[in-house]
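Have the sequence and the 3D view open as you read.

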Amino acid sequence: MDEIRIEEIVRRVFDKAKFGCVSHSRYALSKYVSDATGLSSKTLERAYDRYINGDLEQGSPNADSVDLLCRYLDYENYAEYVSKNALPTKEEDKGASDKGGVQMKWILYLIGMTIGVFSITSLVRMNQEPKCMAWDQTHYKEVSCSAEPSTLNGMAVVPYDKSKFVNLKKVEVTMSTPFFSEVNQRPLIWYHKTKEGEIEYFTAPGLHPVTGKTLDEITPYIIQKYVPMHTNHEDSFLK
């Protein structure tokens, strides 16, 4: 993976976290991103030190960690991030440097155009309703940001988050459920134990959509102790 790309991704991740995290300290931001991605906060602190504080003695995050950071930025993985955020080629860089002073007048022209486009965009956004979502028993449902929380069983209406909307689902499991990736044995299911002792299962890491508690990775112990051998459906029995 390209170090320039990884630095870009890490900076964008922490910039995004600042919109939701009250404190902008290294520790607080790392913990906030950790809760949302399932990555270790220590891994995130090392990435912060290397790419934002300039401490090159800190190691680079591995490929799996970079993929999770890209998902936090609403991309499927690193490959999709690269494909949708192309860097200029060497020829483009060379052409730009050769223009010299001629480029300045184009910069001034583009500044004027940008101001005009920004004004138009601002007017359009004023007439567009922002997207929001609310938890609806087993998944997030897109709702109007002006909706009352009581319209969805009292669940809070929150800003739309593509990663959570697409990936976080509450599911039923049995012993036949694929709990771990066949490629790298990373968990595919996360769980939460309720006050009543029941186990709820989810398809992505992060915070429980109702309680706000951090979801835990599934383990062989939890599977062995709580997961049923079969799911009994009514139509499974002879009448």
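## A pocket to start with

Which element gives the most to the lining of the second largest pocket? That's α4, with 4 residues. A pocket here is an open set of points on a 1 Å grid over the protein atoms alone, with protein on both sides within 12 Å along at least five of seven lines; lining residues have an atom within 4 Å of a point. This pocket holds about 410 Å³ of space, a volume being the space filled by probe spheres set on the points, with grid points joined across faces, edges and corners. It has 18 lining residues, and Leu-68, Arg-71, Arg-186, Pro-187 and Trp-190 are the closest to its centre. By class, the lining splits into 6 nonpolar, 6 polar and 6 charged residues.

In that count, Ala, Val, Leu, Ile, Met, Phe, Trp, Tyr, Cys and Pro are nonpolar, Asp, Glu, Lys and Arg are charged, and the others, Gly among them, are polar.

## What you're looking at

This is a predicted model, so local features need pLDDT of at least 70 and side-chain atom pairs count only at pLDDT 80 or more, while totals for chains, interfaces and linings use all residues. Residues are numbered from 1 along each chain as its sequence is written, and side-chain values use heavy atoms, with hydrogens and water left out.

The mean pLDDT (the predictor's confidence in each residue, from 0 to 100) is 82, and 76% of residues reach 70 or more. Confidence is lowest in helix α6 (residues 90-99), at a mean of 54, and highest in strand β6 (residues 199-202), at 96.

## The nonpolar cores

Of the 239 residues, 31% count as buried, meaning under 20% relative accessible area with a 1.4 Å probe and protein chains only (exposed is over 50%, partly exposed in between). A nonpolar core is a set of buried Ala, Val, Leu, Ile, Met, Phe, Trp, Tyr and Cys residues joined through side-chain atoms within 4.5 Å. The largest one has 24 residues, and Ile-9, Val-10, Val-13, Val-33, Leu-69, Cys-70 and Leu-73 have the most contacts inside it. Helices α1 (3-17), α2 (26-37), α3 (41-51), α4 (63-72) and α5 (78-84) each supply at least two of its residues, with the largest share, 6 residues, coming from α1.

Leu-69 shows how this packs: leaving out residues up to four places away in sequence, Leu-69 touches Ile-9, Val-10, Val-13, Val-33, Leu-39 and Leu-44 (contact means heavy atoms within 4.5 Å). A second, separate core of 10 residues includes Ile-189, Tyr-191, Ile-218 and Ile-222.

## The other spaces

The largest pocket holds about 700 Å³. Its lining has 28 residues, with Tyr-32, Ala-36, Tyr-72, Asp-161 and Lys-164 nearest the centre. α2, α4, β3 (158-159) and α8 each give two or more residues to that lining, which has 14 nonpolar, 7 polar and 7 charged residues.

There's also 1 cavity of 30 Å³ or more, a cavity being a set of points where a 1.4 Å probe fits but cannot get out. About 70 Å³ of space lies in it, and helix α8 (residues 162-167) gives the most to its lining, with 4 residues.
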